[in-house]
Amino acid sequence: MILLVEEDKTVGKKLCDVLNQERIITVGSAQQVLEALVHHKSSLKVIVANARAVRAITSNDLIMRLCKKIRIEIPPIVGFYRKGQEQLVKKIIENRHELKFVKYDDKDASFPSKYVRAIMDQYPDLRVDLNKTITGWPVSEEKQDIEDVRSWLSKEGFVKKPSTNAKDKKEKKDPKPIDDKNVDYKKLYFEVKGKYDELLKYIHELTDTE
């Protein structure tokens, strides 16, 4: 039985799918790792965990003290890390030289075999159909930043730059703000009233049946 520690359910499912013939328990935190150890004890053959979880369960000899308390051997630990976590892994290994890590990369078609080998080094009896795993690994396409794409299109002449003249014309069309001090409200009133009287007269003419 394998204990997999990963809070991202999508990543966790991918990692479980690679180990297609093993019984796997998935948890998302260091606390749940400790609970699983107490509950399943020696049934856990290996712990596969992300770098943050490895740091949490190995700091202050946490997992060692728990296993000693419940009288079981510490299960082998295989860590995995993402891009940007290299320094974290380096610090963990400095304190725990025996720990092994593999870089998680869903854009790398060779990742499943690296992942399986890392686990088999600690758990030789791992049951897995590697051929099925490799052919079924969904390689994710690397997404380019949209701003980089726009810049490239503009540089290559596929996107027209906005004209500064057009901007100037638009600015000239903007109405000038009204200065309340210069408004003749009395004049405006009589203009509106005159138009209203004309409209009213027109309506009376239309409705006059005589």
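**Helix packing and strands: worked exercises**

The axes of helix α2 (residues 30-40) and helix α4 (residues 62-70) come within 10 Å and cross at roughly 20 degrees. This is a predicted model, where local features need pLDDT of at least 70, side-chain atom pairs count only at pLDDT 80 or more, and totals for chains, interfaces and linings use all residues. Residues are numbered from 1 along each chain as its sequence is written, and side-chain values use heavy atoms, leaving out hydrogens and water.

**Exercise 1.** Classify the α2 and α4 pair by its angle, then list the contact residues.

*Step 1.* The angle makes α2 roughly parallel to α4 (angles under 35 degrees count as roughly parallel).

*Step 2.* Contact means heavy atoms within 4.5 Å. Helix α2 brings Leu34, Leu37 and Val38, while α4 brings Leu62, Ile63, Leu66, Cys67 and Ile70.

*Step 3.* Sorted by type, these residues of the α2 contact with α4 are eight nonpolar, no polar and no charged.

**Exercise 2.** Is Asn50 buried or exposed, and which residues does Asn50 touch?

*Step 1.* Find Asn50 in strand β3 (residues 46-50).

*Step 2.* Its relative accessible area is 3%, so Asn50 is buried (buried means under 20% relative accessible area, exposed over 50%, with a 1.4 Å probe and protein chains only).

*Step 3.* Leaving aside residues up to four places away in sequence, Asn50 touches Val5, Glu6, Glu7 and Phe80.

Key:
Helix = DSSP H or I, 4+ residues; strand = E, 2+ residues; numbered from the N terminus. Axes fitted to C-alpha atoms, helices over the stretch in contact; angles between N-to-C directions. Parallel < 35°, antiparallel > 145°, perpendicular 65-115°, else oblique. Nonpolar A, V, L, I, M, F, W, Y, C, P; charged D, E, K, R; others polar.
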